[in-house]
Amino acid sequence: MPDPAPTPLSNRALMTWYLDAGVDETIGEQPVNRYAALQRSQGPVQAPVSGVADQSQTPLQQAPFQAPESQQVSQQMSQQDVQGDSIVQNAYALAAAAKSVDDLRAALESFEGCALQKTATNLVFTDGNPKASLMMVGEAPGAEEDRQGVPFVGPSGKLVDQMLASIGLNREHVLITNTVFWRPPGNRSPTTQEIAICLPFLERLIELVDPKILVPVGGPASTALLAQQKGITKLRGHWFSYASSRMASPIPATPLLHPAYLLRSPAQKREVWKDLLAIRQKLDEA
């Protein structure tokens, strides 16, 4: 007997299967041939004319000068740099005008300078206590953070809660945020430009909260806040100073391994336990 025809999945069952398979966003229904679009914009290529030109004929008109491709790319990059600088300056102006964390959130909601806003579902700003003594800064929101509008939820968030509980803390004792406030498509790492655009708001947030201890979580956050180029495994366990022009005094800062990394490398939890104990001791001293 032939095999029976498979039963078609319902829309809900199909979406559940997609999520289990790791599909968390829709790019488009049909593929786009970018090369074909490029060829249409450039027009057909004409074959060269063979033979010797007749000097009695009307001289050929010279084509307008076109800069070499490398020069055109350089000019485009320069224009992008100027535009990026203007966006960052605007971000600094908006952030500096904020007098509270709520003001800063409102400024971010009105800000239109970050391209991540076009693909993200929600602004992911902060979670926890705006008056906390401990502030944690991650890298970027993921799919679940984007859906809920809250940083560090899902498996990584549960591990963060366990890490805090191990030293007698919970989210009411800390303020949690990220280096960028919108999810990058496909959970990719944020670009240097995206971090630079969001950095004025992050710096102002740290100034407004004025925590006793700052904890960059993961390598990108440590690089953005502490200007350290070493890997996170070499930075963790060490203390640095974070300062800005508006702060009265520097803040002690220590990088921490990202919980997503710990889920992949559970053997590193022993090192994180040492770092958490050091943070708890520093908090008690403060």
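View 1. Leaving aside neighbours within four places in sequence, Leu225 is in contact (heavy atoms within 4.5 Å) with Val137, Leu199, Leu202, Ile206, Leu214, Pro216 and Tyr242. The model is predicted, so that local features need pLDDT of at least 70 and side-chain atom pairs count only at pLDDT 80 or more, while totals for chains, interfaces and linings use all residues. Residues are numbered from 1 along each chain as its sequence is written, and side-chain values use heavy atoms, with hydrogens and water left out.

**View 2. The largest nonpolar core and a second, separate one.** A nonpolar core is a set of buried Ala, Val, Leu, Ile, Met, Phe, Trp, Tyr and Cys residues joined through side-chain atoms within 4.5 Å; buried means under 20% relative accessible area, exposed over 50%, and partly exposed in between, with a 1.4 Å probe and protein chains only. The largest core has 38 residues, and those with the most contacts inside it are Met135, Phe181, Trp182, Phe201, Leu214 and Leu225. Two or more residues come from each of helix H3 (69–97), helix H4 (101–110), strand S2 (134–138), helix H7 (192–209), helix H8 (219–226) and strand S6 (251–253), where helices (H or I, at least four residues) and strands (E, at least two) are DSSP runs numbered from the N terminus. H7 gives the most to this core, with 9 residues. A second, separate core of 22 residues includes Val160, Leu169, Leu256 and Ile279. In soluble globular proteins, nonpolar side chains tend to be buried together.

View 3. Rings of Phe, Tyr and Trp (its six-membered ring) pair if their centres lie within 6.5 Å, and planes under 30 degrees apart count as stacked, over 60 as edge-to-face and the rest as tilted. By this rule the structure has 3 aromatic pairs. Phe125 and Phe181 form an edge-to-face pair, 5.7 Å centre to centre with 65° between the planes; this pair links the loop between H4 and S1, which holds Phe125, to the loop between S3 and H7, which holds Phe181, across 56 residues. The rings of Phe181 and Trp182 have their centres 6.4 Å apart and their planes at 85°, so this pair is also edge-to-face. Phe125 is buried, as are Phe181, at 0% relative accessibility, and Trp182, at 5%.

**View 4. The salt bridge between Arg171 and Asp127.** A salt bridge is a side-chain nitrogen of Lys or Arg within 4 Å of a carboxyl oxygen of Asp or Glu, and a search of the whole structure finds 9 of them. In the one between Arg171 and Asp127, the closest N and O atoms are 2.8 Å apart. Arg171 lies in the loop between helix H6 (154–165) and strand S3 (174–178) and Asp127 in strand S1 (residues 127–128), so the pair ties together parts that are 44 residues apart in sequence. Arg171 is buried at 16% relative accessible area, whereas Asp127 is partly exposed at 24%.

**View 5. Charged residues around helix H11.** Glu271 and Lys274 form a salt bridge whose closest N and O atoms are 3.7 Å apart; being 3 residues apart in helix H11 (residues 269–285), they are separated by about one helical turn. Arg236, Glu271, Lys274 and Asp275 are linked in a network of salt bridges.
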